[in-house]
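Open the model in your viewer and keep the selection tool ready.

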Amino acid sequence: MCNIPNIQKKMLTHNNIMYLIKKYKTPIWVYNANIIIKQIKKLEKFDIIRFAQKSCSNIHILKLMKKNNVKIDAVSLGEIKRAIIAGFKPNNNDIVFTSDILENKVLREVIQKKIPVNAGSVDMLKKIGKVSPGHSVWIRINPKFGNGHHIKTNTGGDTSKHGIWNPIEALSIINQYNLNLIGLHMHIGSGVNTENLYQVCKSMKKNAIQLNKKIKFISAGGGLKIPYSDQDKETDIENYYNKWNHTKKIISSTLKCPIKLEIEPGRFLVGQSGILIAKVYTVKNMGNNTFVLINSGFNDLIRPTLYGSYHKISVMYQNIKNKNNIPMIKSIIAGPLCESGDVFTVKETGIIFPRILPQVSPGDYIIIHDTGAYGASMSSNYNSRPFIPEILYIKEKFKLIRRRQTIQEMLSLETSI
């Protein structure tokens, strides 16, 4: 296998993988709870860890978060419902709703459940203020700059739809409708460079002091990096925390009120916990290229197609006997979809980029690593392919946390009318 952390190797034995394949077939998602817990502990200096559940929204993953004292960020009515089913309480800051619009069905829910709203637009504040004066709100500030591992994950600056450009305008609406401003939120992108950290902290400090309102929380947002490749480095958490904590202390001292510091990770908590297991169905030589086609496509894992994202890939043979001296060859790993872009080995530009991998044959297996974030949660039924199972490795046992969708279930939304 490729360079896999020891904490993951215990789960990824040949016997374990073959057991899962035999019981649940392929393709399947598998998550390691030990890695999620390990990542949570790295952030324990922050006053509040709030999981961006859009990265991995399975209810059983949310229950694991709650058990480890992590709170929840929800960005839709469905995510609010998931959080409540997982045991989060809606009226004690367990859940914060973040968005740039406020649909009527969501408005009714946040009012009824008294869920704080992290507003990304002035119109959101007007809408909630007209029907629920005194409601607890945050201002999501667009600091007028952004960053991320890809242009599509940049959430700041004038090319981003997210956040409020003029917080002073937002404050006037909050005062007009007597809303309860409890926090300021700032998130500039996913996979951000720590070089931007000083600039973000400076912007938060400047905006908080200009608004001059006693608040309870500031949020550093998310975007913490994980090492998808062996060359990548994980975010320096100690440095990240120290800079934000210093910022918190200055704001708290200036405004003369106690403030809690939140961090809002998604991929940092779950990304490295997940793998996608798929079966090799054919190996095709196309001119100078060798295509290895598996039974999982971008309907399951869209990140490589959408962002040109890199994921480690390893091979698991159906029979490990007589597998010595296997040649390493340039391989393009691709899926079964009726799309030329259904390829897992691409550059950020989308250009096909073969990997040097052990030679495989039909019946062998491909494992795509670090798929715990934005894998299952971004899956679709494209090409009318059902959602695949999710398995959680917890307390050294495998637990089915989402069964495979049947074709009948997928079609029932259309045939039951």
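Helices and strands here are DSSP runs, numbered from the N terminus; a helix has at least four residues and a strand at least two. The model is a predicted one.

**Stop one: Tyr228.** Select Tyr228. Tyr228 sits in the loop between β8 (217-219) and α10 (237-255). Is Tyr228 buried or exposed? Its relative accessible area is 10%, so Tyr228 counts as buried, the cut-off being under 20%. Now show what surrounds the residue. Leaving out residues up to four places away in sequence, Tyr228 touches Arg267, Arg303, Tyr310, His311, Lys312 and Asp370.

**Stop two: the nonpolar cores.** Select Met65 and Trp244. In the largest nonpolar core, which has 93 residues, these two touch the most other members. Domain 1 (44-264) and domain 2 (272-412) each supply at least three residues to this core. Another core, of 17 residues, lies apart from it; Met11, Met316, Ile391 and Phe398 are among its members. Go back to Met65 and show its contacts. Beyond residues up to four places away in sequence, they are Ile36, Ile40, Phe51, Val70, Phe88, Leu269 and Val270.

**Stop three: α8 and α9.** Select residues 167-176 for α8 and 197-211 for α9. Their axes come within 10 Å and cross at roughly 40°. The crossing is right-handed. Which residues meet here? Pro167, Ile168 and Leu171 come from α8, and Asn207, Gln210 and Leu211 from α9. By class, the contact has four nonpolar residues, two polar and no charged.

Notes: Residues numbered from 1 in each chain as written. Predicted model: local features only at pLDDT ≥ 70, side-chain atom pairs only at ≥ 80, totals over all residues. Heavy atoms only, no water. Core = buried A, V, L, I, M, F, W, Y, C linked by side-chain atoms within 4.5 Å. Buried < 20%, exposed > 50% of the residue type's maximum accessible area, 1.4 Å probe, protein only. Domains from an automatic or database assignment. Contact = heavy atoms within 4.5 Å. Axes fitted to C-alpha atoms, helices over the stretch in contact; angles between N-to-C directions. Left-handed = near helix turned anticlockwise from the far one by under 90°. Nonpolar A, V, L, I, M, F, W, Y, C, P; charged D, E, K, R; others polar.
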